[in-house]
Structure formats: structure tokens, C-alpha cells
Amino acid sequence: MIVVRFKVNCKPEKVEEAKALFEAIVTQSRGLEGVVSFDMGRDITEPNSFIATEVFVDRPALTRLESLPVVQKTLGLLSELLTAQPEETIYDVSSSEP
């Protein structure tokens, strides 16, 4: 299982544009084969920040997500939307509990 934590800090004037793109990613990702869960929300202490927690059955599922057109479009716009580079951590999980 692969778990990804992804955090971005948006330019204040770009928050709504970023939110719309992130909503499209979440909607399309949840039905994708191999996606266990895909959640994204705003940081309650940093209102211009979004944090995604993504869980995949394996690396190929993560690759499928990354190849979605909306993901590619969003990645291409990050330099316009963000104040800094995204934070991303990928965890390779060998077991989990409910």
C-alpha cells in the first residue's frame, strides 16, 4: 500500500482557482482503479493551504492517478498557483489496521 501526503500553500488570489482544480482531481481520483481513498482539505491554521492524503493499493495505481489529464494540468499550473514548492511525502506501508 502506498500513502501520499501532499501539502500546498497557495497565493491568496489563486486559492479559489486551485480549489476548483483540486476538487476535480479528488472527484476523478476516487473512482480510479487502485485508489483506496483520496481526501483533500484546507489547513485550519493556514487558510491558503490544502493537504491531500492519498492511499493506493500499489505504485501502478499512483502512476495512473498522476497520468490523469486534470492532474497533469494542475501540475503545470503549480508555479502560478503556489507561494512555494509543494511538500510531498510518500510512504510504502506494509500493513495497516482499521
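Which residue in β4 does Val4 stand opposite? Ile90 is the residue that faces Val4. The model is predicted.

## Strand β1 and its partners

β1 covers residues 2–9. Six bridges tie β1 to β4, the strand of residues 87–92. The two run antiparallel. Val4 and Ile90 stand opposite each other in this pairing.

β1 also pairs with β3. Here eight bridges join the strands, again antiparallel. Ile2 stands opposite Phe56 of β3. β1 is largely enclosed by the rest of the structure, because six of its eight residues are buried.

## The β2–β3 hairpin

β2 spans residues 35–43, and β3 spans residues 46–56. A hairpin links them through two residues. The strands run antiparallel and share eight bridges. Val35 has Phe56 of β3 as its bridge partner. Phe56 also stands opposite Ile2.

In a regular strand, side chains alternate between the two faces of the sheet.

## Helix α2

α2 runs from residue 59 to residue 66. Its buried residues are Ala61, Leu62 and Leu65. Why do they lie on the same side of α2? They cover an arc of only 100° around the axis, so they share one side of the helix. An α-helix has 3.6 residues a turn, so residues three or four places apart point the same way.

The buried residues of α2 pack against several elements. Among them are the strands β1, β2, β3 and β4. The helices α1 (15–30) and α3 (69–81) are also on that list.

Asp58 caps the N-terminal end of α2. One of its side-chain oxygens lies 3.0 Å from the backbone nitrogen of Ala61. Ala61 is also one of the buried residues of α2.

## Lys19 in helix α1

Lys19 sits in helix α1. Is Lys19 buried, exposed or partly exposed? Its relative accessible area is 31%, so Lys19 is partly exposed. Lys19 and Gly41 are 22 residues apart in sequence. In space, their C-alpha atoms are 9.4 Å apart.

## The largest pocket

The largest pocket has a volume of about 260 Å³. Its lining counts 15 residues. Nearest its centre lie Phe6, Glu54, Leu65, Val71 and Leu75. Of these, Leu65 is also a buried residue of α2.

Which element gives the most to the lining? α3 does, with four residues. β1, α1, β2, α2 and α3 each supply at least two.

Methods:
Residues are numbered from 1 along each chain as its sequence is written. This is a predicted model: local features need pLDDT of at least 70, side-chain atom pairs count only at pLDDT 80 or more; totals for chains, interfaces and linings use all residues. Side-chain values use heavy atoms; hydrogens and water are left out. Two strands pair if DSSP finds at least two bridges between them. Buried means under 20% relative accessible area, exposed over 50%, partly exposed in between (1.4 Å probe, protein chains only). The arc is that of the directions from the helix axis to the C-beta atoms. Contact means heavy atoms within 4.5 Å. A polar contact is a pair of N or O atoms within 3.5 Å; within protein, one must be able to donate a hydrogen and the other to accept it, and residues adjacent in sequence count only if both atoms are side-chain atoms. On a 1 Å grid over the protein atoms alone, a cavity is a set of points where a 1.4 Å probe fits but cannot get out, and a pocket is an open set with protein on both sides within 12 Å along at least five of seven lines; lining residues have an atom within 4 Å of a point. Grid points are joined across faces, edges and corners, and a volume is the space filled by probe spheres set on the points.
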